[in-house]
Amino acid sequence: MNDQQPTPGQKKKSDPTNLYRHHKLYEILRKELDQGQPETINLQGLTGSSASLLSGALFNDSGSQFLAIFPEKDDAAYFYNDLLSLTGEESVLFFPSGYK
């Protein structure tokens with residue numbers, strides 16, 4: 001069994017992000033990212049791991065760099081861990097706040 005993480009742009013057969021790739025709004029968003037627009041995207045109404053699944057799919061398909069900002073460190077940590085499993089360790093960085 002091969003446990004190696006896919007490189008950005010490479011998709012696993014059982015990749016859960018495939019659920020988003022067939023949605024018409026996903027295609028619109030991906031095309032805008034490919035054209036360098038918009039500079040800021042605000043994802044709202046997504047629950048559980050859906051934000052990280054969508055972001056992981058967009059990252060893998062576009063090759064663009066992403067910056068995700070969360071109000072709470074715990075939310076950022078969950079997002080970070082989800083992205084690690086979707087995109088690989090070399091693709092995700094976590095910068096926790098130094099504020100206490």
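**Aromatic pairs and surface of a predicted helical chain**

Phe 70 is partly exposed, at a relative accessible area of 30%. Buried here means under 20% relative accessible area, exposed over 50%, and partly exposed in between (1.4 Å probe, protein chains only). The model is predicted: local features need pLDDT of at least 70, side-chain atom pairs count only at pLDDT 80 or more, and totals for chains, interfaces and linings use all residues. Residues are numbered from 1 along each chain as its sequence is written, and side-chain values use heavy atoms, with hydrogens and water left out.

The protein chain holds four helices and zero strands. Helices are DSSP runs (H or I, at least four residues), as are strands (E, at least two), numbered from the N terminus. Of the 100 residues, 27% count as buried.

Three aromatic pairs were counted. Rings of Phe, Tyr and Trp (its six-membered ring) pair if their centres lie within 6.5 Å; planes under 30 degrees apart are stacked, over 60 edge-to-face, and the rest tilted. Phe 70 and Phe 79 form a tilted pair, 4.8 Å centre to centre, with 50 degrees between the planes. Phe 79 is buried, with a relative accessible area of 12%. Tyr 80 and Phe 94 are also tilted, at 5.2 Å and 35 degrees. This pair links distant parts of the chain: Tyr 80 sits in helix α4 (residues 73-87), Phe 94 in the segment after α4, 14 residues apart. Tyr 80 is partly exposed at 22% relative accessibility. Phe 94 is partly exposed at 30%.

Leu 46 lies in the loop between α2 (24-34) and α3 (50-62). Leu 46 counts as partly exposed because its relative accessibility is 36%.
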